[in-house]
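Please open the model in your viewer and keep the selection panel at hand. The tour below goes from one selection to the next and says what is there.

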Amino acid sequence: MTLRAPGTHRRAIGQRSFWQWRYRHAAAALLLGVALAGASALEAPEVGDNPAAERHMLQLAAELRCLQCQNQTLADSNAPLAVDLRQEIRELIAKGQTDQQIKEYLGARYGDFVFYRPPVQGNTLLLWFGPALLLVGGLLALYITLRRRLARLEAEGVTAELSDADARRAQNLLDEENGESSLS
Amino acid sequence: MAQSRKSLTVFLPLAVFLVLAWFLYKGLYLDPREVPSPLIDKPAPDFRLESLSTPGRIVDRKEMLGKVWLLNTWASWCVACREEHPVLVEFSRTASIPIVGLNYKDTRVDGMRWLAQFGNPYVDSAFDQAGRVGIDYGVYAVPETFLIDKQGVIRFKQIGPVTPELLQNTLVPLIQRLNG
């Protein structure tokens, strides 16, 4: 579909096939749209009638893992089990259960794996504090290395002080640079 | 002395690497689908459901007290159940223990047709159309199978199809021990 050669025969053909292409794809997009609208219409009823409770439910579900499609939360997932469990949470909220009770309810059935924020206990200590441990270890290693290097340099008589000769040389270099930049 | 300390430090990164590599290597063999069930060694949740075949007849967990039995979750829409089913049918011919089905989120028509087509290894199937009992049992990947002892305590859970190897190596010895 060449649109770049104006006023030529080639352009006429190119334009016609371009419009054919457009129509065909528009029709396909329309069909797809209709199909998708039908699909979402099927899922539509799954919404509670109380907006505040619904928000509460979604907030809670966002912290819980869907076991049918792992790595999605119960709030995100459209797996049948997630739909059921959202309904279950909705009903438990309606019964006046606290968030803690609802979490315990799900934990008792599916295990700690449902919690995106697992409880701090024996087998999750490494999970919770491992990263901090690595950070502290890294900082410690850095500190020790730097201390040792400093001790070695001091032992070799190298100091952080500039000798007079070096200081003069550095000053000359700086002056040179300033002189150049003021010219340009 | 200083020399030996230095040579030890040289190996420190290697040690750190080996520790990390060990964790990653172990991670290769962990199956995130096999979530340890918190229900092991806990009482099997109660249920009273209608029988799949006979509306009105109640399948009650309490009636199974005093027996070692298997609870097998299945559904006609479940592909892995087809793979598992012949194993259960075969096991039910020789087994000394009853297998109760939990027909999970299915319809009576589809469920009955499925049993007629592939055989029925179950003493009865509880009809859990809404999947509520499934939630109580922490079911998330049909088929799942629970081995329940005489006191009504869950002793073993299989996530995914029961295989002949699992029966032979794990379930049968466990059943013999629980029955013994």
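How many residues does the contact take from chain B, and how many from chain A? The contact takes twelve residues from chain B and 13 from chain A, where two residues are in contact if their C-beta atoms, placed from the backbone, lie within 7 Å. Select the side of chain B that touches chain A, and by class you will find seven nonpolar, three polar and two charged residues; here Ala, Val, Leu, Ile, Met, Phe, Trp, Tyr, Cys and Pro count as nonpolar, Asp, Glu, Lys and Arg as charged, and the others, Gly among them, as polar.

Before the next selection, note that this is a predicted model, in which local features need pLDDT of at least 70 and side-chain atom pairs count only at pLDDT 80 or more, while totals for chains, interfaces and linings use all residues. Residues are numbered from 1 along each chain as its sequence is written, and chains are lettered from A and ligands numbered from 1 in the order in which they are written.

Now select the whole of chain B, which has six helices and seven strands; helices (H or I, at least four residues) and strands (E, at least two) are DSSP runs, numbered from the N terminus. Along the sequence, chain B follows the pattern α-α-β-β-β-α-β-α-β-α-β-β-α. Of the 180 residues in chain B, 36% are buried, a residue being buried if 20 or more other C-beta atoms lie within 10 Å of its own, exposed if 12 or fewer, and partly exposed in between, with C-beta atoms placed from the backbone.

Next, select B:Arg57, in the loop between strand 1 (48-50) and strand 2 (58-60) of chain B. Is B:Arg57 buried or exposed? B:Arg57 is exposed, because it has 12 other C-beta atoms within 10 Å. Leaving aside its neighbours within four places in sequence, B:Arg57 is in contact with B:Glu50 and B:Ser51.

Finally, move to chain A and select helix 5 (residues 125-155), whose 31 residues reach 43 Å from the first C-alpha to the last, close to the 45 Å expected at 1.5 Å a residue, the expected span being 1.5 Å times one less than the number of residues. Helix 5 of chain A lies largely in the open, because the number buried among its 31 residues is zero. Just after helix 5 of chain A, A:Gly157 takes a positive phi of about 85°.
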